[in-house]
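Colleague: I am new to this one, so please take me through it in order.

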Amino acid sequence: MTGRTAIVTGAARGIGLATTKLFLAEGVSVAMVDRDVPALEEAALEEAARNLGDVLALPYDISRPHAVAAMIADTRARFGRIDYLVNNAGVADFGPLERTDFERWRAVMATNLDGVFLCSQAATPELKKTGGCIVNVASISGLRASTLRVAYGTSKAAVIHLTRQQAAELGEYGIRVNCVAPGPVRTKLAAAVHTREIVDAYHDAIPLNRYGSEEEIANVIVFLCSDKASYVTGQMIAADGGFEATGVGLPALRAARLDET
Ligand SMILES: NC(=O)c1ccc[n+]([C@@H]2O[C@H](COP(=O)([O-])OP(=O)(O)OC[C@H]3O[C@@H](n4cnc5c(N)ncnc54)[C@H](O)[C@@H]3O)[C@@H](O)[C@H]2O)c1
């Protein structure tokens, strides 16, 4: 992958930062995009980018069309090409359906869905030139419905279908588009919405009995970008410890538990 260039959105921390580091280890230059909201202590982008290597820190909000256009222009100006777009930036806002007012709904959709649409559309002319690829980061919440995430789950389900739309249309230009659906990963995003009780319940529901790490998700993202995945497009891979595979995943039905009795 040496000599290629990636744009990673939401790169200041969590899965985006881990993906950035893995790309750099593979010889890929990275435009790290994150919005700058000092009041929310999200001005971590400059800090994260310091001493990392061949990176460009871009403090843009990917839900705003003008910012997305600037993101592409700045990346082109610095690196001259765009090979990979990782649409990773996301927000989680968990709450009951009746308390999800339109403002909260729109805030989730603006980043999680509009942002993926805008960044992909803006990057397409550059990806056509390089025969590059897009990886969208969805969630197991987009695969299986659950409580408290009417906006988040719906936005992620839409990202999974958007991936297929993009793959269907961009294939003829040699652009591959795939999607990763992470299970729970202990990042700031998850910490804000996962109580101790939720963490324990996830451990029970996941066949591997644990959360994933940022690096485990980054590995799948970078694999999908690599030439090793050259005939893979329009796919969704759940990196979730087996969560999605378990329909009747009752903890009480575990072999280990039966052995105990
Ligand atoms: N952590 C999990 O358990 C989990 C599970 C499934 C899916 N995901 C998905 O993985 C992705 C990364 O999540 P994470 O856990 O690393 O979260 P995180 O909160 O640690 O990092 C997300 C980053 O995105 C940035 N961001 C948010 N909105 C933005 C916008 N409009 N413009 C630019 N940057 C923006 C944030 O500032 C933050 O730095 C998200 O799409 C999330 O929905 C996470």
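Colleague: How far apart are the end C-alpha atoms of helix α5?

Modeller: Helix α5 covers residues 150-170, 21 residues in total. The expected span is 1.5 Å times one less than the number of residues, and for this helix that should come to 30 Å. The model agrees, because the end C-alpha atoms of α5 are separated by 30 Å.

Colleague: What kind of model is this, and how are residues numbered?

Modeller: The model is predicted; local features need pLDDT of at least 70, side-chain atom pairs count only at pLDDT 80 or more, and totals for chains, interfaces and linings use all residues. Along each chain, as its sequence is written, residues are numbered from 1.

Colleague: What covers the buried residues of α5?

Modeller: A residue is buried if 20 or more other C-beta atoms lie within 10 Å of its own, with C-beta atoms placed from the backbone. In α5 the buried residues include Val150, Tyr152, Val159, Leu162 and Leu170. Their cover includes α4, β5 (133-137), β6 (176-182) and β7 (236-239).

Colleague: How many helices and strands does the protein have?

Modeller: Both are DSSP runs numbered from the N terminus: helices are H or I of at least four residues, strands are E of at least two. The protein has 9 helices and 7 strands.

Colleague: Which residues have the most contacts inside the largest nonpolar core?

Modeller: A nonpolar core is a set of buried Ala, Val, Leu, Ile, Met, Phe, Trp, Tyr and Cys residues joined through C-beta atoms within 7 Å. The largest one here has 64 residues. Those with the most contacts inside it are Ile7, Met32, Val33, Leu85, Val135, Val180 and Ile221.

Colleague: Is Leu17 buried or exposed?

Modeller: Leu17 is found in helix α1. Its C-alpha atom is 7.7 Å from that of Ala48, 31 residues apart along the chain. Leu17 has 24 C-beta neighbours inside 10 Å, so Leu17 counts as buried.

Colleague: Which residues come nearest to the ligand?

Modeller: There are 30 residues around the ligand, where near means a C-beta atom, placed from the backbone, within 6 Å. Elements giving two or more residues to this shell are α1 (14-25), α4 (102-130) and α6 (188-193). Nearest come Gly10, Gly14, Gly90, Thr187 and Leu189.

Definitions and conventions. Buried ≥ 20, exposed ≤ 12 C-beta atoms within 10 Å, placed from the backbone. Contact = placed C-beta atoms within 7 Å.
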